[in-house]
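Please consult the sequence and coordinates alongside each point.

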Amino acid sequence: MALSLRGVGKSYGKIQALDGLDLDVPRGSIFGLVGRNGAGKTTTFAIACGFLRADRGSVNVLGAGPFDAARHRGRLSALPQDAALGRDLTLYEQLSYLGRLQGVPRHEIRGEVERILHLVDLSDRAGTRTRTLSHGMLRRLGIGQAFLGQPELVLLDEPTNGLDPNQAHSIRDFIVAQRGTRTIVVSSHNLPELETMCDHVAIMDGGRVVRSGPISQVTGRNEEVHIVLADGPVPLAQTQAALAGDTVEWDASARTLRVSFSSRPGRQAEDVIGAALRPLLEAGARISSVSRGQSLERTYLAMPALPPELPKQGRN
Ligand code: ATP
């Protein structure tokens, strides 16, 4: 695992921010961290980076125990939620300084800074001062600095927050292009965005992980097929007969047939879709869309909320 937290607790005075958090981030994954405001995502990042110490539980970063500057220097980096960069430094000076802190050798720093500026589309700003950047440019600089020196584990707290659609898209492409080269943990409230980038996800609530795993598993991509029908016939009985052994339900308000099945060799989502479409088309049903599982957003919204009193009262 790139990051493993077990039973981690953290309070700020009376506020219990983390309450027995268990989190496993597989090496090489692009891992999404989801949760409502105050769920504990930023606190989790801060503990992983060593900005904060856990009150209880164990933290293992890159198999070398809790964050330790000597052991983890250059191996881990982060984009904090409110990254503060030196306002009077130029972008080049800023990245050179941070690159040196990350352990980039002096003779490699120029090339490394140029690589990063190019990656986040700020090459033409190398000589300008940080304070003259727009919010979105600052965000891109913050993301870029997190990749200085090729760290093994990168933690990005809401990286695309405040970016225009084109920039958000290119940052997503950039993150996806890193797949397999390092582990990236991304927190975001933009669930469709996380779904396109991430292969694993953990949903947090009340300072705990309430669901986690590969996205396909969490969203039921290998267990459910959804078929949306336009106005017209709804041949439910024929579909049920054609899919004996599976569960076929009709949600009238969403005009959606939901097929739940057990995936096995020879019986994958594609086979279920084929078997379901035949009786529907024969009966003249008009098909608007077919999808596997539900979106991450629907999965998230359908989850029962923790009672509000659970997370909030600390133990001290
Ligand atoms: P968001 O999505 O709003 O960024 P989050 O999931 O990152 O939220 P945290 O910032 O980790 O959540 O906050 C978890 C809890 O800890 C919240 O109840 C918050 O009010 C509290 N908290 C966070 N930082 C502090 C602090 N410095 N002092 C006191 N309480 C804090």
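1. Domains and basis of the note. The chain comprises domain 1 (3-214) and domain 2 (224-293), with bounds that come from an automatic or database domain assignment. Taken over C-alpha atoms, the centres of domain 1 and domain 2 are 41 Å apart. The model is predicted, so that local features need pLDDT of at least 70 and side-chain atom pairs count only at pLDDT 80 or more, while totals for chains, interfaces and linings use all residues. Residues are numbered from 1 along each chain as its sequence is written, and side-chain values use heavy atoms, with hydrogens and water left out.

2. An open sheet with mixed pairing has its 6 strands in the order 5-6-7-3-8-9. Strand 5 (76-79) and strand 9 (208-214) are the edge strands, each pairing on one side only. Strands here are DSSP runs of E with at least two residues, helices are runs of H or I with at least four residues, and both are numbered from the N terminus; two strands pair if DSSP finds at least two bridges between them. On average, neighbouring strands of this sheet are turned by 15 degrees against each other, direction ignored. Angles run from 0 to 180 degrees between N-to-C directions, with axes fitted to C-alpha atoms, for helices over the stretch in contact.

3. Pairing within that sheet. Strand 3 (residues 30-35) and strand 7 (residues 183-187) run parallel and are joined by 4 bridges. L33 has S187 of strand 7 as its bridge partner. Strand 8 and strand 9, by contrast, pair in the antiparallel sense over 6 bridges, and H200 stands opposite P214 in strand 9. These two strands, strand 8 and strand 9, form a hairpin with 2 residues between them, and G206 in the turn has a positive phi of about 55 degrees.

4. Strand 1 (residues 3-12) is joined to strand 4 by 5 bridges in the antiparallel sense, and L5 stands opposite V59 in strand 4.

5. Helix 1. Which strands does helix 1 touch in the sheet on which it packs? Helix 1 (residues 41-48) touches strand 3, strand 5, strand 6 (153-157), strand 7 and strand 8 (200-205), and its direction makes about 150 degrees with that of strand 6. Contact means heavy atoms within 4.5 Å.

6. The ligand shell. The ligand is surrounded by 15 residues, of which G38, G40, K41, T42 and T43 are the closest; a residue counts if one of its heavy atoms lies within 4 Å. Helix 1 gives the most to this shell, with 3 residues.

7. Oxygen atoms of the ligand lie 2.9 Å from a backbone N or O atom of G40, 2.7 Å from a side-chain N or O atom of K41 and 3.0 Å from a side-chain N or O atom of H189. Polar contacts are pairs of N or O atoms within 3.5 Å. The protein covers 66% of the 640 Å² of accessible area that the ligand has on its own, by the Shrake-Rupley method with a 1.4 Å probe.

Technical notes. A polar contact is a pair of N or O atoms within 3.5 Å; within protein, one must be able to donate a hydrogen and the other to accept it, and residues adjacent in sequence count only if both atoms are side-chain atoms.
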